[in-house]
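Please look over the sequence and the 3D structure shown here. A short report on selected local features comes after them.

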Amino acid sequence: GFVEAPCQKACTRAANSRHTQNTDQTFQIMRVRGMMPGMPGVGAPFPPHMIIAEPLGQVTSPDDDPPHSRLFVSCPAHYTKDFIQQQFSHYGNVQSVKIITDKTTREFKGSCFVKFDKASSAATAKENLDGAQLDPEGGPIKVSYAVPRGAPRTTTDDGDFPPRSRLFATFLKTTPEEVVTQRFGQFGDLEYVKVLTLPRTGEGRGIAYVKYSKTSTAMRAMEDITEQEQLSPTPGQPFRVKIAEPAHASGTIRPPTAPPPIQQIHQMQQMQQLQHMQLLAQAQHHIHQPAQSGLHMWKNPAIANQRIDNNHPPGSRVWLSLSKKLPIEYLQQLFSRYGFLESIYLMKGRNCGYAKYNSAAFAASAAAALNMMEVSDGVIAKVAIANPQIEGVTVPANKRQ
């Protein structure tokens, strides 16, 4: 049956009599979303067919509206609420900062919740501030997505990497795949667009999965396209976009996350090799190989005071093997051309080691461009994504024994 809503006795009785088939389902107190025209005052009843009830566990808290717009932050205890809001406001409109205090002393415990007005802003803040050091006196902060009240901890992880980077879109069946790709590709960071077709005829089903390399980009695409379609709907059938359901969800058809078609792979490889040859020509022209310095580790000065987690983010470290030894300074300048390089470590007495980036995308670009390529005169490199490190943390060079 239905739980009786305040000031709605008459219409609830009518609803109960008309919807007895729902007696096996428990509902929360119904939320009235409007009032009858010409019937002023709080509690003006709806007709029975307009009563809306929400099942248990599906009522969204204001703190989680829109979903995934709230972050949980662990930071030094000397940070103030205003300082935290100022730092996070660089990435979007911060609606609130709720700090957690000790029940006895009322002192800040170093944890808080930061609420944005958009999920894309929250994702951008997490991507930029997780592990960052905001002032010289404090260590790096930890930023994660807040778990909605009453939800399991796995709610923030949908099985994709990164979470919520895969979208599900519906549109007019006759929409060309190129139009769909262009619509979603305008935001950047696009990994693939998988338009589903009918097996026999090959005709489009008006359904697509869209995968981005960043959560923030996926959220921004969903928000912007939804807003555009509300203001100016696409003729025939508007684009509808939502976060793709987890692979284990019932009835979900998830496209394979395998590489794109063979022809596209060859084109990507040719472009990467061409880009590598151009970068290598520049490197050999501008980078003069210095004398062997004997150093076996280099760390980016921009993060000199931070510890490097070799397993975070996953896939951000590459293994390298050289046919001949090269100075670490040369390797640092070469590998830096593919993204923000955190460190390079060469094993003593061997021509192999690791290069660590701050994102998996940069590591993948370096591996694709440099593997089995001549990186210097007569020097062939083997480069691949490294396996996770067991201990996970590289000790800064000045603290190594």
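The report covers an aspartate in a loop, a pair of strands and a helix.

The model is predicted, so local features need pLDDT of at least 70 and side-chain atom pairs count only at pLDDT 80 or more, while totals for chains, interfaces and linings use all residues. Residues are numbered from 1 along each chain as its sequence is written, and side-chain values use heavy atoms, with hydrogens and water left out.

Aspartate 130 lies in the loop between helix 3 (119-129) and strand 4 (142-145). Helices (H or I, at least four residues) and strands (E, at least two) are DSSP runs, numbered from the N terminus. The relative accessible area of aspartate 130 is 16%, and buried means under 20% (1.4 Å probe, protein chains only), so aspartate 130 is buried. Contact means heavy atoms within 4.5 Å. Leaving aside residues up to four places away in sequence, aspartate 130 touches Ala125, Ile141, Lys142, Val143 and His312. The table gives two distances from its side chain.

| Side chain | Partner | Distance |
|---|---|---|
| Aspartate 130 | Side chain of histidine 312 | 3.4 Å |

Strand 6 (residues 190-197) and strand 7 (residues 204-212) run antiparallel and are joined by 6 bridges; two strands pair if DSSP finds at least two bridges between them. Valine 193 stands opposite valine 210 in strand 7. The hairpin of these strands has 6 residues between them, and glycine 202 takes a positive phi near 80 degrees there.

In helix 8 (residues 360-370), the buried residues are Ala363, Ala366, Ala367, Ala369 and Leu370. Methionine 372 follows helix 8 and has a positive phi, near 60 degrees.

Methods:
Buried < 20%, exposed > 50% of the residue type's maximum accessible area, 1.4 Å probe, protein only. Polar contact = N/O pair within 3.5 Å; in protein donor to acceptor, adjacent residues only side chain to side chain.
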